[in-house]
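Please open the structure in your viewer and keep the selection panel at hand. The tour below goes from one selection to the next and says what can be found at each stop.

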Amino acid sequence: MTEKSKPDKARLVELFRSFIDPEYVIEDAETQRPYECDGLSMYCEMPLVVVLPESVEQVQRVLQICHQHGIPVVARGAGTGLCAGAMPHAEGVLLSLAKFNQIVSIDPLARTARVQPGVRNLAITEAAAEHGLYYGPDPSSQIACTIGGNVAENSGGVHCLKYGLTVHNILSVEMLSVEGEKLSIGSQGLDSCGMDLMALITGSEGLLGIVTEVTVKLLPQPEKAQVVMAAFDSVQKAGDAVGGIISRGIIPGGLEMMDTHAISAAEDFAKAGYPKGAEALLLCEVDGTAEEVQEHIAQVESLFAAYGATSIRTSQSEAERALLWKGRKSAFPAVGRISPDYYCMDGTIPRGQLAHVLTEMQRMSDEYQLRVANVFHAGDGNLHPLILFDANVPGEFERTEEFGGRILELCVEVGGCITGEHGVGIEKIRQMPIQFSEQELVQFNAIKDAFDPAGTLNPGKGVPTLRHCQEHRALETRPMPATPTDTGAA
Amino acid sequence: MADITALLQQQVLSARADGSKLNIIGGNSKAFMGRVASGEPLMVAGHSGIVSYQPVELVLTARAGTPLTELVAALDEHNQMLSFEPPRFGGAATIGGTLACNQSGPGRPWWSSVRDQVLGVRLLTGRGEHLRFGGQVMKNVAGYDVSRLQAGAMGSLGLITEVSLKVLPKPAVTRTLVFDVALEDAVALMNRRAAEPKPLSAACWLDNRLYLRLSGARAAVDATLAQWQGQGAESQGTQLEADDTFWAALRDQTLVFFEGDAPLWRFSIKSTAVNPDLPGNWLIDWGGAQRWYRGDASMAQMQQLAETAGGQVSLYRGGDRQADVMHPQARALQLLQQRLKQSFDPDGVLNPGRLYSWM
């Protein structure tokens, strides 16, 4: 693996075309364009070559060639990620797994599905439906995002509190090491001997290997689900009501909060009947057997009343349940209508800190002269502040980024973390030293070295390297973004 | 009830400096697990106490040497629980050892494992560095998941000094149904029941009896009980009185099945797998996904049976503990784990050879 023998672009394309359908070895700028960024389009870069292999053996050969010549490899699923984790490397290969889109098998009795990494999250649930089963994690991008990307980011969704993240819902992966060697991690049992490599791989952002197959767990579809919507005249009261539900021993299937800006935008967009003017809105979904839902819904309604809800509405039909959720699920595009651009943050905080964090954020909002709307996975403390800005106003994106960085610092300060479900990618790499000490970052790098000593898998993402300061400077001088994202997330 | 981090750190640093090895001991309740220990004892039991517990956040943080019984007592006051039902081993088991050995009880398939519920750890590496990974919130994807990596590592990557866990409310009601049914039918029935959207929380088979535990809201449990009692097996199901005693004995491995010196093998396999063809005494838990066997066998034979059944096997207790007792690893995975060990503990100070002979 000498640098001298490194093939140039033309030679690399020729090499790949000797074993991959030439049409799927993409070298021209126009056809490469859709691959220049993921869902966080402020960060974009054109790769050297894009490849779309269709067999594990082809992926293996791509990896072998890249390993031999020290060429960076960035894996990509559907490109819906929100941390620039799939942004290409200018000197590297963008490895799309889009052609790995087959559900290999479903075992209804064992409640598992074997799927290729390019299968869409929602497609698993759709395929399992005939057996009365579904796949638990449901990121808002589930219609488009792929399971391979979910594994890379340890994706969540609105049902995490009860049903867990990706790491809780997968049993095994087949993957390729940076050298192209096959590794089988996990099993069809619930655990394996020794250190938990499944946990290490999940959420590793494509830095440790390339996943070529995933076995996921499937859950029985609940008999019934009902949602209670409650409005409050203060965030504090709504936060207390969430605590009241948990203290009562109820674990809702979903528990979401929106602040007044988000309520207003969502209502204008979705006409779901949200009470505009309320300071906070809670959506609490209870699922389970018919008897359990009936018992818990009654308790939730009376708890909301006791915590001072100004209005309470419970879905009486599937259509009404869907309508109440529609507002929340369209909150991001709705906010996109009231502002030219928005930037979505993803911190997690202890729930009890919510009122404090929102107050501080409002103060910063005044300081930066940028509006912020909040949607909150209240059950698990995952906060998505949406900073509203206009990319056409010079300097406004830079102010937005700085504001966002300060929000993440605030999350860490109150005992939370810089990312709950979107991942670090490039976007939050500058905040990693806020959450982790230098020794901890050195340990992360040592783990990376154990898998990928030359550091060619998704370089520059996830974990700042010891050359971080250098990269930091490079980031600050990167070209300005084209158009900001409007991709919905979580 | 003390923080002895500085003392523990000093012991690791001195061991590293003089080239000696350390044998991590918490409550000394799981000395029978893994390969035979070597090295100077590093006593962690003194590093004990709950650091923080916020019932409304469903999060508890405790020092590694804290006995499980102390955590359970604190949780009881708020009607919450360690949902993974770890074995308490007569009250000696600690939370650090429970995580290091990845110990979860009967509710594991429905209520998660200790590995699933871990939110963060503090870890003393073989370099003597005291590091913090994960945190005290339920969603956290910053950096590699070093916390959950510790589950099952048996201290080979570091001495866990503190654990943050997600805890859960106790179910309002619990009832148990018992059916007379043979092994293969029981495995099929457990899996069919688990595929229904009902409040099943444990499924175990022993001595030709199938035990199904239901937990949740009263109305849901009662309705399911009535529905399942007359269905699914040839015999009518009966409700087990004092069922807590049975599930606690299963959790703590104090049932008669676990007594005696015969080697105890643990299969972690596909829940629907045809039972390995070995005559003798079996106990099936986790709705079919964890199967215990008592008797002499070679690791090579057991490995083959486990792989046929889609999983892995370990010699959990008894037998030859100089030999490897964990499922043999593929060559590439062995190298990878050796490199990971090297990254945390370059001089091999912590629990050498305890997990694998080659690590």
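Select chain B of this predicted model and colour it by secondary structure, which shows eleven helices and 17 strands. Chain B is as compact as a globular protein of its length, because its radius of gyration is 21 Å, close to the 21 Å that the globule rule gives for 359 residues.

When you look at contacts in chain B between residues at least 6 apart in sequence, 67% of them join residues at least 24 apart.

Next, select chain A and give each of its domains a colour: the domain assignment lists domain 1 as 1-221, domain 2 as 224-333 and domain 3 as 340-476. Now keep domain 2 and domain 3 of chain A in view, whose C-alpha centres lie 28 Å apart, and look for the place where 17 residues of domain 2 of chain A are in contact with 14 residues of domain 3 of chain A.

Which elements of chain A each supply at least two residues of the side of domain 2 that touches domain 3? To see them, select helix 8 (235-247), strand 13 (254-259), helix 9 (260-270) and helix 12 (331-338) of chain A. Finally, colour that side of domain 2 of chain A by residue class, and you will find eleven nonpolar, four polar and two charged residues where domain 2 touches domain 3 of chain A.

Terms used. Residues are numbered from 1 along each chain as its sequence is written. Chains are lettered from A and ligands numbered from 1 in the order in which they are written. This is a predicted model: local features need pLDDT of at least 70, side-chain atom pairs count only at pLDDT 80 or more; totals for chains, interfaces and linings use all residues. Helices (H or I, at least four residues) and strands (E, at least two) are DSSP runs, numbered from the N terminus. The radius of gyration is taken over C-alpha atoms; the globule rule is 2.2 Å times the number of residues to the power 0.38. Two residues are in contact if their C-beta atoms, placed from the backbone, lie within 7 Å. Domain bounds come from an automatic or database domain assignment. Ala, Val, Leu, Ile, Met, Phe, Trp, Tyr, Cys and Pro count as nonpolar, Asp, Glu, Lys and Arg as charged, and the others, Gly among them, as polar.
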